[in-house]
Amino acid sequence: MPRFLLPLLATFAVAGVASADDKTFTVRWLGQSFVTVETPSGRVIAFDPQVMSEFERKEPVKADYVCVSHPHNDHNRVEEAIADGKDPKKVTVFQGLKADPAKPNRPAEWNKLDEKVKISDSVTYRFRTFGCYHDEMSGLKRGKNAAFVVEADGLTFCHLGDLGHTFTEAEAKVIGKIDVLFIPIGGNYTINAETAKEVADVLKPRLYIVPIHFAVEGKPDSLLGPDEFAEWFKDTKKSPDTNTLTIAKDAKADKPTPVLLGWEAKKK
């Protein structure tokens, strides 16, 4: 069904090596599907912001760009990605789906995006969407969903939102080469870890696989927890005491590293 060591002076990220002089990306998982990426150019890209009581944040998010995969209220709280005092007009919001004002009772449709944003004379970011579904029945149960593919400062990040199905090889080719994959694993409303493994195998991210949208310890939910992820993704790096992953701009890897983050930076 078509659907569309500057020798030994080194610092280690959660998985991988980066020199102290390298410019880096900082990825933070903020619970559910809320992810931020701070780039070497100093921009913050936020994906699927939420304001769920289960995931209280101690610091505000200061996004420059916000990507929303679909208009469910645990994914589309754009105001949570804009720090107090920042002019909302200076924040660019990309909506993966769009409603037709003339047809208010109709489900939102895919908002096909392929936008280039000039950061400087030498740096341009690219934001693309890939239309997919929230379920395995072409959206009949939960509607449409949009995957975001963002190219920034030399790396490509793919956030799958509330993906509900696998991808074909043809679809993976359209999505293209990616470096870091944010993928739901909680089941019920999205794919589970077993299906996430199938998706990751076809998308073939180069550097990291980061699970999102799953139940966390001490916070009951209708989603599955992360245990199954480590079963399907061998050599998973578990980092429950941090929500942060640092990636060197020139990072290299023979295969992608699955990284299981906590949703907050815990005090030790």
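In this predicted model, the largest cavity holds about 50 Å³ of space. Ten residues line this cavity, and those closest to its centre are Glu 54, Phe 55, Ala 215, Lys 219 and Asp 221. Sorted by class, the lining of the largest cavity consists of six nonpolar residues, one polar residue and three charged residues.

| Strand paired with strand 12 | Sense | Bridges |
|---|---|---|
| Strand 11 (residues 124–133) | antiparallel | eight bridges |
| Strand 13 (residues 155–159) | antiparallel | five bridges |

Within these pairings, Asn 145 of strand 12 stands opposite Cys 132, while Val 149 has Cys 158 in strand 13 as its bridge partner. Strand 12 and strand 13 form a hairpin with two residues between the strands, and in this hairpin Asp 153 takes a positive phi near 50°.

Another aspartate, Asp 64, lies in the loop between strand 5 (44–47) and strand 6 (65–68). Is Asp 64 buried or exposed? The relative accessible area of Asp 64 is 16%, and because buried means under 20%, Asp 64 counts as buried. When its neighbours within four places in sequence are left aside, Asp 64 is in contact with Gly 42, Arg 43, Val 44, Lys 86, Lys 90, Val 91 and Thr 92.

How values were computed:
Residues numbered from 1 in each chain as written. Predicted model: local features only at pLDDT ≥ 70, side-chain atom pairs only at ≥ 80, totals over all residues. Heavy atoms only, no water. Pairing = 2+ DSSP bridges. Helix = DSSP H or I, 4+ residues; strand = E, 2+ residues; numbered from the N terminus. 1 Å grid on protein atoms, 1.4 Å probe; cavity = no way out; pocket = protein on both sides within 12 Å on 5 of 7 lines; lining within 4 Å. Points joined across faces, edges and corners; volume = space filled by probe spheres on them. Nonpolar A, V, L, I, M, F, W, Y, C, P; charged D, E, K, R; others polar. Buried < 20%, exposed > 50% of the residue type's maximum accessible area, 1.4 Å probe, protein only. Contact = heavy atoms within 4.5 Å.
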